[in-house]
Structure formats: structure tokens, C-alpha cells
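This report is meant for a reader who is meeting the structure for the first time.

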Amino acid sequence: MGAVGVVLAAGESRRMGKLKALLPFGERTVIEQVIHNLLQVNLDSVTVVLGHRASEIAAVLEPLPVRILHNVRYREGMTSSVRTALQQIVPVPEAYLLALADQPHLGHEPAQRVLEAFAQTHHGLVIPTYQGKRGHPIILSGKYRQEVLALDREQGLNLVTRGHPEDTLEVPLADDGILQDMDYPEEYEAVLKRWQQRTG
């Protein structure tokens, strides 16, 4: 198996005050737009990891060609969702493209760029950057699966993503959107406005 997309969508959206995944974003919801972007790139499949209010989001995703996984430990943070995906996606793929559920504005180009860089260089970790700052989505090689699964609950994924500089490729992009997510209502409004201006 080649690369699989993994959308991390289990969070509680506490700072937003509303369920981020189902906020409107153009003609779609936020989560639908994220998936739409990933379905345009060269992935073998797309999996969505749900947790908080999973049934509501799953109902919206039913028509889409995605697999849904449930992270029962979603309150432990994002790394628990990554672990859920790594445990349940079999056979183990060549790589995972880890995407955030609150970056609907990215389009498909950042994902395409890191996938192409992985295919060309076979670095185990491929991470987009903007002016030296790391963003998302990232590529995690299947060879790091056991290392991620061995992390303690308190440990974050950055122990792995920053732990192998010799096997890490940073891909500079011109889009600062890779650094932006939507935790607060004003961030959602700003991202939506900017996206609307870009897409006309």
C-alpha cells in the first residue's frame, strides 16, 4: 500500500464554542472541505479519526469515500488519534499523510507537494514549512509506526517528528496557510474570508 490520508478530527472544539468540523465553509462543511482537498491528491485512501460528537460528523461524511475510525481516548489529545489510525489501518502503508481537520483553506497543493517530495526522496518524515516554521499536513513513514505506538500518553508526536533530523525533509512552501488552524471564532472568520477571496 502507498500513502494513506489521515484526517485528525476527534477534538472537542472547546475554544471555538461550536463543533469546528461542521461549521459552514463555502458549499461544504469544514470537514467535508478538508476531505475534498485530500481526495484530489494521489492517496490510496482517506481515513477520518473521530471522537467528540462522532456520530454527528459521521452522518455528514456518510456519502464520501472515506473510512471512519473512532478514537475512544480522544480527550488525551491529538497523538491519541494518530495512534488510533496507526493501530487500525492495515496493512501498514508506506506512509501516512497526517492532516488537521481545521485546515479547510489549504486546497490540495500542500498535500500534493509533500507527497511528491516523499516519492522522490523517500525521507521518512516530510514536513512543509513557511519561512522556517513547520506546518501541516505532514508525511510519516510507516517505518515509524511502532515508535509512535510506543509513546506514553503524555508524550507528543513531536518526539518522533523532531527525533530523526537525518531522515527529515522540510519542504518550503509559499503559503502561510499551512501554519493556520481555527481554534477561535475570529480565526475561523479570518480563514473563511481569506479563502473566499482566493477562490472568488
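A residue is called buried when its relative accessible area is under 20%, exposed when it is over 50%, and partly exposed in between, with a 1.4 Å probe and protein chains only. The model is predicted, so local features need pLDDT of at least 70 and side-chain atom pairs count only at pLDDT 80 or more, while totals for chains, interfaces and linings use all residues. Residues are numbered from 1 along each chain as its sequence is written, and side-chain values use heavy atoms, with hydrogens and water left out.

Ala9 belongs to strand 1, where strands (E, at least two residues) and helices (H or I, at least four) are DSSP runs numbered from the N terminus. With a relative accessible area of 7%, Ala9 is buried. Its contacts (heavy atoms within 4.5 Å), leaving aside neighbours within four places in sequence, include Ile31, Val48, Leu50 and Ala101. Ala9 and Asn71 are 62 residues apart in sequence, and their C-alpha atoms are 9.6 Å apart in space.

Ser13 sits in the loop between strand 1 and strand 2 (24–25), and it counts as buried because its relative accessibility is 13%. Not counting residues up to four places away in sequence, Ser13 touches Lys18, Leu19 and Lys20; a polar atom of the Ser13 side chain lies 3.1 Å from the backbone nitrogen of Lys20.

**The nonpolar cores**

A nonpolar core is a set of buried Ala, Val, Leu, Ile, Met, Phe, Trp, Tyr and Cys residues joined through side-chain atoms within 4.5 Å. The largest one has 34 residues, and those with the most contacts inside it are Val7, Ile31, Leu38, Leu43, Val48, Leu97 and Ile139. At least two residues of this core come from each of strand 1 (3–9), helix 1 (30–38), strand 4 (45–50), helix 2 (54–61), strand 6 (95–100) and helix 4 (109–121), and helix 4 provides the largest share, 5 residues. Another core, of 22 residues, lies apart from it, with Val6, Ala85, Leu100 and Leu140 among its members.

**Helix 4**

The expected span of a helix is 1.5 Å times one less than its number of residues; the 13 residues of helix 4 should therefore span 18 Å, which agrees with the 18 Å between its end C-alpha atoms. Its buried residues are Pro110, Ala111, Gln112, Val114, Leu115, Ala117 and Phe118, and they pack against strand 1, helix 1, strand 6, strand 7 (125–130), strand 9 (138–141) and strand 10 (168–172). Just after helix 4, His122 takes a positive phi of about 60°.

On a 1 Å grid over the protein atoms alone, a cavity is a set of points where a 1.4 Å probe fits but cannot get out, a pocket is an open set with protein on both sides within 12 Å along at least five of seven lines, and lining residues have an atom within 4 Å of a point. Grid points are joined across faces, edges and corners, and a volume is the space filled by probe spheres set on the points.

| Space | Volume | Residues in the lining include |
|---|---|---|
| Largest pocket | about 690 Å³ | Gly11, Lys20, Met78, Asp102, Asp183 |
| Largest cavity | about 100 Å³ | Val34, Leu38, Ala99, Gln103, Pro137 |

Strand 1 and helix 3 (78–88) are the elements that give two or more residues to the lining of the largest pocket. A search of the whole structure finds 2 cavities of 30 Å³ or more. Helix 1 gives the most to the lining of the largest cavity, with 3 residues.

Conventions
A polar contact is a pair of N or O atoms within 3.5 Å; within protein, one must be able to donate a hydrogen and the other to accept it, and residues adjacent in sequence count only if both atoms are side-chain atoms.
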